[in-house]
Amino acid sequence: MPLKNLWEKERSQRLQITAERRQQVNQWKQLTKQELQLQADLLHQELSSFVTNLDNNRKLQQQQFQQEILERQLEILQIKTDVWQRQQEYRQQRTAKAQALFQNLQNFRAILHNSVWDDYSPEQPASPTPAKEEKSVVIPKWSISRSAIKANGFRPSANTIAKKAPALNADTAKSKVQQYIQQAEGATLIEIEEVIGLSRVQTIDILRSLIKQGVLEQRDRQYFIRQQAIS
């Protein structure tokens, strides 16, 4: 009996120890499950917070990127505006320069016209005169000075110039013009026209021909015999 009681007592103690260990294991499992749940909840919160922050950062970067795009577009628009303004200024300056050059050209043409025509307004065309037979005209030599010509109002006097011939050929008129300029020591277009009795077109043609031949030279609206031609 004592052995049986002892064995039952030991068996009872072992069962009690096993139950206690099972209880401890269950408690440990319960604690571990709670800890794991807490850790899982914490990880879930951290993950949710990370995703939220990531989304916020993405939205913020997107806004900043859109803001930068808008600023770049504004800069490009400003550059285009500046370029357009500079183009307008350049066009205005070019137009002003063109107008100034055109005005200078007009002034130069007016000065050239006055220099060639000697401020002479075109005369009314003379009525045609009946043709007459050309006769040989003896070219008189003149002893006349510029002061005498100016005093007489560029008109030839009866004592110094013979009566005008009805018509002169080109060589005769050219010779008379050259002889007059040489004796007068220089003359203007109007003086030559009035003294010789030629038309404006004839006088200009003769003077141009003599200048081209190197006989005459023009200085200050006056025509002179070249020194080389005299020598």
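Start with the sheet: three strands, open, in the order β1-β3-β2, with antiparallel pairing. Strands here are DSSP runs of E with at least two residues, helices are runs of H or I with at least four, and both are numbered from the N terminus. Two strands count as paired if DSSP finds at least two bridges between them. This is a predicted model, in which local features need pLDDT of at least 70, side-chain atom pairs count only at pLDDT 80 or more, and totals for chains, interfaces and linings use all residues. Residues are numbered from 1 along each chain as its sequence is written, and side-chain values use heavy atoms, with hydrogens and water left out.

Pick E217 and find its bridge partner in β3, F224.

Now show 170–184, helix α3. It packs on the sheet and touches β1, β2 and β3; contact means heavy atoms within 4.5 Å. Its direction makes about 90 degrees with that of β3. Axes are lines fitted to C-alpha atoms, for helices over the stretch in contact, and angles run from 0 to 180 degrees between N-to-C directions.

Next, bring in 189–196, helix α4. The axes of α3 and α4 come within 11 Å and cross at roughly 120 degrees.

Finally, display the side chains between the helices. K176, V177, Y180 and I181 in α3 meet E191, I192, V195 and I196 in α4.
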